[in-house]
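Please open the model in your viewer and keep the sequence panel beside it. The stops below follow the aromatic side chains.

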Amino acid sequence: LSEFPNTPPSSAECRKASDDLLCLTNSDSIVSPSLYETQHPELLGEKCSSSRYMVFYWQKMGFGAALMSAVAAFRVATHQKRVFLIHAEWGSGFYSGVTNSSLCPNAAAQDAWQCYFEPISSCTVEDALNIAGVKTAEELRRNRELSYWSFGSKIGKISPDTLLKKRVVFIDMYFPWMSKQSKAIRDRMSGFGELISSEHDDLYLGIAMRYIIRLNPPTVKAFRPAIEKEVAKLNNVRASKTISLPIRGADKCGTPVLDDGTLGRSRFESACLPFETYMNAVAAIRKVSVSIDTVIITSEDSRYIKAAKALQEKLSKSDDKLRLVFNDLDEQQGDSRWENLAGSTQHSHAKIIFSMWSTLELQMHATYYVMNCNSHWHQWIRAIRAGGCGYSQPVFFCLDEQNYKSKFFMCTQHNSAGKSALAACQSRSAREI
């Protein structure tokens, strides 16, 4: 024991003990060899022309929600020993024109996805289409024998025999399998129930996410210097003394009212908690773990950052040595839905990805997390944290899972039985930013 120091090393010292400063930005990050081999049939002595496929349609929604849905489908594909492929409209909407432009770090990109990320497989969607005997992904999607998709209120269903026997299947649907409603989803989706775990498996999700969103070398080269500078703010900070506040606001939260001002169904998924509530949660954690001296605060909602900066000013004049750390690369774009970002003239594609990535890296350096676990962005952070990133055993405090009488309770569409019930939930716990 005398050979070891009396105090544990800081997170900076742990990072220096390895060859890498960053968990996600390192292009050589370790991912599951089995997932890699499944996605590269040639490594198993097979050919793309003889493989089985699941073609997944990347939905036009927030990146976190789309990624969670993709990972859920990826899980079913690997269970079925299928190569998982992504068919996405990354070349339209917000990402239109991103290839072959100054916005794309990878000059060799063939599509918008490859501007930032490695190809998910050595096989292509075209390989799957050839096997299915169709020319376009739309033809595959419209084939009810091969496609599981939603159109309006109708839900297409694949039989278990189709899942087992067909070489190519197409998935065109949002699957919130990791949500608190996962049992209802499993029961509703014929043929998929036995393939979907009833438990949250953050380790698998984190590893699978890290595989899907591997940055390509040109993007690593473009991103790494600035992200290293951001993470360097934590060089003298121990993860065991750090709380993370990845606050999700903007399009995620709001007041459950209709356009005419009456209470009712809302597009918002949760109520907005004031910044003070988050800091009260920080204070509660500090009462238990008195050594905490750092809080990492990130948000796409500028209102929360403004309130945090005001608090930072007050702290500088007080005896409380609590340190607030911000992401200077955060875009704070507000609404993160692609259809709204498409019309934005203030935020470029690369800056949004850059902001998202730098925030993820910062958030890996805490132990305590105060979150809205109804948010896919927070589920993403949670899963990656459990999937091999970070320097301590994480502790997650889900505001949406608190007792509704608690001062930390957050109303969401899940704990209030749907968006239409948010009004009743809000009336018990009315709060504004």
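**A tour of the aromatic rings**

Begin by selecting Phe-74, which counts as buried because its relative accessibility is 0% (buried means under 20% relative accessible area, exposed over 50% and partly exposed in between, with a 1.4 Å probe and protein chains only). This is a predicted model, in which local features need pLDDT of at least 70 and side-chain atom pairs count only at pLDDT 80 or more, whereas totals for chains, interfaces and linings use all residues. Residues are numbered from 1 along each chain as its sequence is written, and side-chain values use heavy atoms, with hydrogens and water left out.

The ring centres of Phe-74 and Tyr-211 lie 6.1 Å apart with the planes at 35 degrees, so the pair is tilted (rings of Phe, Tyr and Trp, the last by its six-membered ring, pair if their centres lie within 6.5 Å; planes under 30 degrees apart count as stacked, over 60 as edge-to-face and the rest as tilted). Phe-74 belongs to helix H3 (residues 63–79) and Tyr-211 to helix H9 (residues 202–212), so the pair ties together parts that are 137 residues apart in sequence; helices (H or I, at least four residues) and strands (E, at least two) are DSSP runs, numbered from the N terminus.

Now extend the selection to Tyr-36, Phe-56 and Phe-84, which form one aromatic cluster with Phe-74 and Tyr-211.

Finally, select Arg-214, which lies over the face of Tyr-211 at 4.2 Å from the ring centre (a charge sits over a ring if NZ of Lys or CZ of Arg is within 6 Å of the ring centre and within 35 degrees of the ring normal).
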